[in-house]
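Colleague: I would like to go through this model with you, one question at a time. Please give the cut-offs as you use them.

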Amino acid sequence: MSVEAQKETLGFQTEVKQLLHLMIHSLYSNKEIFLRELISNASDACDKLRYKALENDALYEGQSELQVKITADPENNTVTISDSGIGMNRQDVIDHLGTIAKSGTSEFLSQLTGDQKKDSQLIGQFGVGFYSSFIVAEEVEVVTRKAGSPAGEGVRWVSKGDGEFTIEAVEKAERGTAITLKLKADEKEFSEDFRLRNLIRKYSDHIAVPVLMEKQSFEEPKEGEEATDKAPEFEAVNEAQALWTRSRTDVNDDEYKEFYKHVSHDFADPLTWSHNKVEGKLEYTSLLYLPGKAPFDLYHREASRGLKLYVQRVFIMDDAEQFLPLYLRFIKGVVDSNDLSLNVSREILQQDPNITSMKSALTKRVLDMLTKLAKNDTEKYQTFWNEFGSVLKEGPGEDFSNKEKIAKLLRFTSTNSSDETQNVALADYVERMKEGQDKIYYVTAENYNTAKNSPHLEIFRKKGIEVLLMTDRIDEWLMSHLTEFDGKSFQDVAKGELDLGDTESEEDKKAQEEAAEKVEGMVERTKELLKEQVEDVRVTHRLTDSPACVVLNDGEMGEQMRQIMAAAGQEIPESKPVLELNPTHPLILKLDQEQDEERFGELARIILDQAMLAEGRQLKDAATYVQRLNRLLLELAG
Ligand SMILES: Nc1ncnc2c1ncn2[C@@H]1O[C@H](COP(=O)(O)OP(=O)(O)OP(=O)(O)O)[C@@H](O)[C@H]1O
């Protein structure tokens with residue numbers, strides 16, 4: 001087939017079209033980042049080649065120099081970013097530069113609002129990459145050849161970013177990729193040497209491969225000498241040393257931040273980072289970052305996570321998951337080991353005992369970093385917590401050895417808080433505990449309002465005892481793994497018999513006993529009546545304003561946990577609640593006085609159903625409940 005015959009015009013995947021449109025509009029005020037993105041890709045391509053060439057030296061084609069070159073032509077208003085990296089073949093080009101392979105892309109796109117500011121943040125989370133070239137270019141040309149392929153298998157891709165691209169075979173003598181942007185008329189600045197150099201220093205100084213630009217010669221040709229057509233000389237504009245190999249004192253905050261953007265593909269700054277060299281039995285360097293924003297796919301199972309792994313400064317793999325536990329999957333960064341073999345694979349990592357000890361050291365580093373942040377910058381810590389708190393809550397169940405450390409990092413909302421912001425540390429709670437209180441009380445519910453208005457809280461409000469309000473899906477599971485904090489055990493206020501420790505006086509207890517005795521007969525009647533629906537009926541003192549509530553026996557699965565199990569397709573054991581009645585409530589006293597069995601039954605059943613509803617549960621037979629209530633209302637109205 002001739003080269004010409006292979007020219008094809010193909011359409012972008014719908015998602016790419018949408019993304020391009022949004023990106024061009026919402027990232028315009030940040031347009032210079034295109035250069036960072038393209039240099040970042042070029043550097044990744046060099047890293048990949050170096051790794052592949054470990055096994056097959058021939059891929060270098062006799063040219064082992066890895067570099068990125070930026071050339072600009074102000075007259076034609078173009079800028080070219082070329083690299084001597086791995087390159088792409090025709091299929092790679094179609095796969096990578098016309099589609100988005102990320103899971104959850106359409107879900108992500110559906111979250112976009114049309115509000116420029118919000119959308120630009122969201123796109124930042126998604127990662128802008130190659131497509132950001134279209135913010136400044138009216139046309140983009142990619143000429144590339146995969147290392148090891150014959151020169152005739154080069155590929156030329158051209159697009160105006162308007163929905164289609166052309167692709168054809170071309171000759172390309174040197175391996176790697178050259179991306180030429182035909183700049184829009186008002187983006188001329190990006191073809192200027194000075195501007196480009198500044199941008200490289202600002203964004204790409206930390207890139208380990210040299211980023212070259214043509215040397216500027218300011219010497220005028222001597223009289224009588226023709227300006228010769230000498231081959232241009234190039235010089236590195238960036239530092240070209242892997243940032244993590246530099247000493248902490250040599251790297252400033254801006255450099256750390258830029259490096260983060262390179263490794264994470266995030267758009268925003270990280271909240272904090274921790275950079276450490278470990279010497280001794282195992283030698284490695286780690287640079288761990290805490291992002292400020294959750295990626296859009298944090299909860300996707302297939303979402304990428306893990307650190308970039310280098311061995312002796314050679315890039316080995318992205319997303320090495322073996323170095324951190326799952327509950328720290330939001331951490332981004334690099335680990336560079338001197339002890340691993342260059343041909344290490346994911347399988348080997350899984351079995352290597354050295355990795356296990358690195359994992360526990362790195363876990364400790366992250367937890368220390370979080371502890372420090374919580375102590376020194378509550379605002380930033382709150383940002384972290386709002387984004388990733390529910391992931392960290394997986395920790396106590398997953399990592400027994402660090403349970404206490406993680407417990408200190410947890411934040412909740414409580415009856416002391418004015419809104420649902422989770423900002424109460426367990427240590428704060430313990431400090432505010434009442435005299436005689438020996439437990440940390442909490443309630444779990446489907447949402448904040450149900451938790452806040454739960455009848456179970458009434459007695460605690462009356463006594464001024466704080467209760468933690470837990471409404472995250474994972475909370476009940478978390479609490480099944482947290483048994484105590486600072487020597488105090490946890491108590492779900494909706495489970496088991498109420499025990500307020502020594503906060504109740506002898507007088508209180510006596511009054512309670514008397515009230516209970518008075519309604520003994522009614523309790524027995526109710527028990528008999530509702531024996532199919534409830535495990536037990538008893539008198540309670542946890543209520544002040546409500547007539548009744550339902551509780552679970554200690555150790556029984558709560559509503560949240562049941563829903564998680566149901567969603568996972570697990571069989572859920574049948575469970576009946578205990579109905580507790582408030583012996584001082586007028587409605588319960590009325591029930592006590594009711595002689596007519598039928599009316600007694602109507603009222604008792606309504607009370608049970610209402611207690612279930614207040615708990616955020618669903619009624620098995622809501623229609624009958626409504627009919628009963630309506631009969632009662634009619635009586636009232638009539
Ligand atoms: N210079 C290059 N050399 C070789 N392959 C490249 C180059 N630039 C891009 N690619 C390929 O195209 C893919 C898509 O690039 P793109 O920048 O859109 O996304 P990304 O870098 O994978 O992630 P992100 O969107 O988060 O930046 C890359 O993963 C890589 O496989």
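Modeller: A residue is buried if 20 or more other C-beta atoms lie within 10 Å of its own, exposed if 12 or fewer, and partly exposed in between, with C-beta atoms placed from the backbone. This is a predicted model, in which local features need pLDDT of at least 70 and side-chain atom pairs count only at pLDDT 80 or more, while totals for chains, interfaces and linings use all residues. Residues are numbered from 1 along each chain as its sequence is written.

Colleague: Is Val211 buried or exposed?

Modeller: Val211 is found in strand β8 (residues 211-214); strands are DSSP runs of E of at least two residues and helices runs of H or I of at least four, numbered from the N terminus. Val211 has 28 other C-beta atoms within 10 Å. Because of that count, Val211 is buried.

Colleague: At what angle do α2 and α6 pack?

Modeller: Axes are lines fitted to C-alpha atoms over the stretch in contact, and angles run from 0 to 180 degrees between N-to-C directions. The axes of α2 (residues 33-55) and α6 (residues 193-204) are 10 Å apart. Leu35, Arg36 and Ile39 of α2 meet Leu199, Tyr203 and Ser204 of α6. The packing angle is about 65°.

Colleague: Which helix gives the most residues to the side of domain 1 that touches domain 2?

Modeller: The contact takes 20 residues from domain 1 and 22 residues from domain 2. On the domain 1 side, α2 and α5 (116-126) each supply at least two residues. The most, six residues, come from α2.

Colleague: Which residues touch the most other members of the largest nonpolar core?

Modeller: A nonpolar core is a set of buried Ala, Val, Leu, Ile, Met, Phe, Trp, Tyr and Cys residues joined through C-beta atoms within 7 Å. The largest one has 88 residues. Leaving aside neighbours within four places in sequence, the contacts of Leu468 include Phe412, Val424 and Tyr442. The residues that touch the most other members are Tyr442, Val443, Val467 and Leu468.

Colleague: Why does His265 count as partly exposed?

Modeller: His265 is in the loop between α7 (253-264) and β10 (272-278). Its phi is positive, about 60°, although His265 is not a glycine. His265 counts as partly exposed because its C-beta neighbours inside 10 Å number 19.

Colleague: What is phi of Arg313?

Modeller: Arg313 lies in the loop between β12 (307-311) and β13 (314-320). With 14 C-beta neighbours inside 10 Å, Arg313 is partly exposed. Arg313 is a residue other than glycine, yet its phi is positive, near 70°.

Colleague: Which residues does Asn89 touch, not counting those up to four places away in sequence?

Modeller: Asn89 sits in the loop between β3 (78-83) and α3 (90-96). Asn89 is partly exposed, with 16 C-beta neighbours inside 10 Å. Under that sequence limit, Asn89 touches Lys146, Ser149, Glu153 and Val155.

Technical notes:
Contact = placed C-beta atoms within 7 Å.
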